[in-house]
Amino acid sequence: MMGAQYYGADSENGDRIEDPSEDALFMMISDLNNSDNTFVVVQPDEDDPVWFATVAVLDEGGYEIVRRDTVRNEHKVTTATSIDAIALDLTKWSAARDFPGRPTRQVTDY
């Protein structure tokens with residue numbers, strides 16, 4: 001079995017992706033709707049996560065993005081309509097988070 005994942009993305013309808021890529025987040029956000037799959041949560045796989053981000057469908061269209069990081073005393077709420085931009089932003093933001101007790105994540109070019 002592989003070691004613990006850094007973080008995961010969970011949608012209201014039960015979909016889960018471990019260490020989601022930008023493309024995976026794009027697909028999860030694209031699948032959101034106004035009835036039974038209204039949000040996606042990205043957070044570390046731990047009992048009391050120190051950070052999280054959510055993307056929720058707005059009734060008037062577009063998405064509300066909430067980013068919270070208790071270590072950095074950050075709480076930001078924004079709205080956006082571009083799923084591309086949201087997925088890219090969340091990928092970068094999540095990669096920059098602290099993962100207590102885990103090695104610093106190295107970003108490499110393939």
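**Terms and values**

Guide: Asn73 is found in the loop between strand S5 (63-69) and strand S6 (74-80). This is a predicted model, in which local features need pLDDT of at least 70, side-chain atom pairs count only at pLDDT 80 or more, and totals for chains, interfaces and linings use all residues. Residues are numbered from 1 along each chain as its sequence is written, and side-chain values use heavy atoms, with hydrogens and water left out.

Visitor: Why is Asn73 called exposed?

Guide: Exposed means over 50% relative accessible area, buried under 20%, and partly exposed in between, with a 1.4 Å probe and protein chains only. Asn73 has a relative accessible area of 70%, and therefore counts as exposed.

Visitor: Why is Asp19 called partly exposed?

Guide: The relative accessible area of Asp19 is 21%, so Asp19 is partly exposed. Asp19 lies in the loop between strand S2 (16-18) and helix H1 (22-30).

Visitor: What is the phi of Asp19, and what is that of Asn73?

Guide: Phi of Asp19 is near 40°, a positive value in a residue other than glycine. Asn73, also not a glycine, has a positive phi of about 50°.

Visitor: What makes up the secondary structure of the protein?

Guide: The protein has two helices and six strands, in the order β-β-α-β-β-β-β-α from the N terminus on. Helices (H or I, at least four residues) and strands (E, at least two) are DSSP runs, numbered from the N terminus.

Visitor: How many of the residues count as buried?

Guide: Of the 110 residues of the protein, 35% are buried.
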